[in-house]
Structures are given as structure tokens and as C-alpha cells.
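Here is a short note to read beside the structure. Keep the 3D view open and look up each residue as you meet it.

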Amino acid sequence: MKQVFFKILSQECIARDVMKLTLAGDTSAIQGSGGFVNIKMDGLFLRRPISVCDYDDKTLTLIYKIVGKGTEKLAEMENGTELDLLVGLGNGYDLSKSGAAPLLIGGGVGVPPLYKLAKLLLAEGKRVQVVLGFNSGADVFYEEEFRALGADVRVTTADGSYGTKGFVTDAMGDLNYTYFYTCGPEPMLKAVHKATKTSGQMSFEERMGCGFGACMGCSCKTLTGYKRICKEGPVMEKEEILW
Amino acid sequence: MVNTKVNLSGLVLDNPVLCASGTFGYGYEFAELYDINCLGSFSFKGTTKEPRFGNPTPRIAECPMGMINSVGLQNPGVEKVISEELPKLRRVFHKPVIANIGGFTFEEYTEVAALLDKEEGVGLLEINISCPNVHGGGMGFGTSAETAAEVTRRVKAVTKKPVYIKLTPNVTDIVSIAKACEDAGADGISMINTLLGMRIDLRRKQPIIKNKMGGFSGPAIFPVALRMIYQVYEAVKIPIIGMGGVTSAEDVIEMMLAGASAVQIGAQNLVNPFAAKEIVEALPSVMEKYGMEDLESIIGGAHRG
């Protein structure tokens, strides 16, 4: 973990209530994929944890949904605004278990952390298949971005207004894959847990106090003991999850 | 050169800045960020006899200028704290540490206190009496002068280390409870624990915290803590460790003027992990600004006309 001040380079709305935020700053403490940052905002007491979508040496991309006071405030911030971030939080995805053809399953704002993961897996020469689930056509984002990386992409919407009608699990049945990685709302994770034929890793969400393991606010029980979502998580192995 | 040293029942601290139990783990998460030996000391995560998972999640809710937590004393139990956590803590912190102890029966308090009494690195025992007494109908030990005094007497009987009783503010008369602890032999008072609070999620129309209520902390509670410390200082002769919403060196000094001999930083550690270090560093210049040379001499200063 490291405290780093970032500057807002740009911010744009990429789907209904979904913002893409690009920041400039020292990203050296961020590693791999599936981790998160914790953003301090004036006037709000707790920091706001947001998963890392993508980064290079100097820039960091975050995608978030406007759902409350913190994200409303963040969406209104001007380019050039300086933000106080704690970076390098969370365990992230373990790429070593992916096999030759991993499947990435994302739901809503669970999609962003899979983007850097897809990049890293493709760089290792893996065949990456992606299933992205949204509520409706207006909520869809990053379909083309995943495709541009070289991944096979399927999109589902719950109301059928775009892509396959249904949930992510309705578009997975005929796919062959060696391993899976997923992030999304808990009902989706449960369904994916049931529907997947291989081992995999799942990323969880919880209300956090500190985001770096001090307060025990986000603990959960697993088959391998108590874990803090912010520290030993957010990524857990399929086999250790207790629903 | 200003003097920031303070004395807690014979335990001399380089400065009065401590970190509060439950906001600083066993120190090592913070030791990755800075040398935590700059602190006066810190109170490690509340320890019970048995391992505890604590309460169901969500355990955290935000408030204006603060937060509610309902962690529920998650800890690995005293045996593992001694065998695993304290050796790790010792590697990153080389001063006497404060052991925070919780319990649900009188016997649990004394068993944990007796075990931690043998730990050389522990300088002081801080007894959290906000826990419910399972043999007393679930009423908190800290909500009656009688049970607070009884915990004090029993813990004092099993340890030679200074015993500070951490009081809950969720009572009608905190002064009488502090006095009862002093009369029962407490070496000091630690105050205040969190205020009972609640938030409701408008979308779900249900409490945010799974257990409905939790402990409210953060800068919003500072004036309440300050007032209670001021009142208790008038009534007892033993030292007070003050806490509740402290975020700056100015707050530390204000709390010492009210009567605290040392001051703990709690919720602020969670939003600014460097808070305690920044307060330690700012303290000498803030003292100079207000013409203070020796911190010990300002304790209770607001009571002297």
C-alpha cells in the first residue's frame, strides 16, 4: 500500500450512470489485476474503494457507477483536481492457474477489473473468452474494448434489449474453458459458482472502513478461515467460499 | 525544546499520542507505511479468551464526520494473540504496548488479564467494559457502577501491571462509574468508547448495519468526549487516557487541557493511515504556538481558573 496523489486527466460517461475516470500519478505500487484503490473525498469521512480497471506507468483508469454521495461528488470533479488515493490494495487475481483458455465473467461494475486481467492473460498468449452481463442495453460498456484486446466477447442483458437475453450464466453453457475469473454482484457470483465446470476465482464486495486491513470491518468466513475482503481478498478461490 | 513526555501510572511515554484499540490492528499494517516507534504507544486489537469472528456484515456505516462500526470484537483469542500476534508486533514496535481486553463474564476478564500480565512487552492493561455480561442478563459491565467496580477489583487481583478501565459513554452518569472504578483500585480511566448509533439505507429501507446498531466514532463525537473527560477529571485523582474524534495535535492538547494525560487516535487512522504520525510531528510546533513547554504541566489546565 502507498498513499499517492493523482490528478484527474479526464472523465467521461460511458454508460448509464457509469463513469470512466483517468488519473495521472505514480502507479508503481499497483500490481497485477483485481486490486483496488481507496479515494479520499472532501466532506466525506470514509474513503471510497474502487477497483482498478487499467494502468500503465503514469496513468490509472477507474470505472465506477454513480450510486451515492461519494460517487456523485466524484463525477462532478473537474479535470486537474488532485485526489488522495491509497493504492496497491487487495490481493488481486492469480494468473498462474488460468490454463490455456480462461473464461472471464463480469456483471455490471464488476466488469472493470477483468479488463487489466484480460490484457495480462492475452500477453501470456492465453485464449481469453469474456462474458459480460448487464441489466439493459443502456448499461453496456467495454464490449468493444475487450474485443480490441483480442478476446472473444459475449454480452447478455437481463431485459434482452442487447445481446443474449438473460444472465451471464445463460451465455456460458456451450463454452469450453480451462478456468474462470469473475467479478460482479453477489447473486451473480452465486449463480456463476453453480454454473461453472472448472475451478476459478471470484472477487467480492463489502462495505469497508479502512480498506487496508486495520479495522476488520469487511471480514468474511471461508473454508480456509476468516478473511478480510480488503486484505486477503477481494479475490477468493471458488473452493473456499462459504455462501 | 519542548517536553512531550507524559507518565501513565509509572509508564513514561515519549509523547501522549497513542492509537486506539480496533483501529490499529497489531501495528504491522501501519509499520509498512512508517516507523510506528514514533508513537507514545498503541492499544492493540481487543482480546478475548476465545477466538471470535464477531458480528455479521455489513459492519460499517458512514456518518457525517464519522462512522459506525459493529465489528464485534473479532480477534483470534488470547492464546493466539500471545503466540502469534505479539511476536510479530514486537518486531515492529519496541516500546511497551497497551493490551486491550474484552470479556463476557468476570472470569474471562481475569483469565485474559492473568495471561497478558506475564507478557513483558505489555506496559498497561486497558479493560473494555462495554461488553454485555452474559450472566447478568446481557447488560454491559460498564453500565452500572457495581459491575464496573467488580471487573476492576477482579482484574487488579490478577495483575501487577497498571489497569485502566475503558468506559462506555452510553450511561446516565459516567462520573459515578469512573469513581466506582477508582475506588475499586483502577490505576486509570480510558474514555470514551463509541456512542451507540444507527443509519438506515433509504433504498432498502433497512438499517445499514446488519446488527442494526453500532458504535459511532469520528470527529463528530469529539465535543462529547471532551465534556465527559472534563467531568471525570473533576471527580477522580487517577490519570485519564482520552479518546473520541481526535484528528489533530490541537485536539490532543485540547483533550489534555480537559484532563487527559494521554490521548488516543481512533477512527482517523482508518481514513488517514498517517494520522498518528502527523499528529506526533505537529505536536511540538503547536505547543510552541500556544506557549507550552511541558505537556505534563497542561493536563487539566482548563480546570485551573
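This is a predicted model: local features need pLDDT of at least 70, side-chain atom pairs count only at pLDDT 80 or more; totals for chains, interfaces and linings use all residues.

The points below go from strands to domains to chains.

1. Strand 1 of chain A covers residues 2–15, and strand 6 covers residues 82–89. The two run antiparallel and are joined by six bridges. One pair to look up is Lys7(A), whose bridge partner in strand 6 is Glu82(A). Strand 1 also runs antiparallel to strand 2 (residues 18–24), with seven bridges between them. Here Cys13(A) has Met19(A) as its bridge partner.

2. The turn. Strands 1 and 2 of chain A form a hairpin with two residues between the strands. Asp17(A) takes a positive phi there, near 60 degrees.

3. Two domains in chain A. The domain assignment gives domain 1 as 2–89 and domain 2 as 95–240. Their centres, taken over C-alpha atoms, are 20 Å apart. Each domain puts 23 residues into the contact.

4. How much do the domains of chain A bury between them? The answer is about 1800 Å², with 61% of it on carbon and sulfur atoms. On the domain 1 side, Arg16(A), Ser33(A) and Cys53(A) lose the most area to domain 2. Together they make up 25% of what that side buries.

5. Lys116(A) and Asp54(A) form a salt bridge, with their closest N and O atoms 3.8 Å apart. Several strands supply residues to the domain 1 side, including strand 3 (36–40) and strand 5 (59–65). Strand 4 gives the most, with six residues. By class, that side has 13 nonpolar, six polar and four charged residues.

6. Chain A meets chain B. The contact takes 28 residues from chain A and 35 from chain B. The buried area is about 2500 Å², and carbon and sulfur atoms give 61% of it. In chain A, Phe45(A), Arg207(A) and Met216(A) lose the most area to chain B, together 28% of what that side buries.

7. What links the chains? Between chain A and chain B the count is three salt bridges. Lys231(A) and Glu32(B) meet in a salt bridge at 3.8 Å, N to O. Strand 13 of chain A gives the most to its side, with three residues. That side has 15 nonpolar, five polar and eight charged residues.

Key. Residues are numbered from 1 along each chain as its sequence is written. Chains are lettered from A and ligands numbered from 1 in the order in which they are written. Side-chain values use heavy atoms; hydrogens and water are left out. Contact means heavy atoms within 4.5 Å. Buried area is the accessible area (1.4 Å probe) that two parts lose on being put together, summed over both. A salt bridge is a side-chain nitrogen of Lys or Arg within 4 Å of a carboxyl oxygen of Asp or Glu. Helices (H or I, at least four residues) and strands (E, at least two) are DSSP runs, numbered from the N terminus. Ala, Val, Leu, Ile, Met, Phe, Trp, Tyr, Cys and Pro count as nonpolar, Asp, Glu, Lys and Arg as charged, and the others, Gly among them, as polar. Two strands pair if DSSP finds at least two bridges between them. Domain bounds come from an automatic or database domain assignment.
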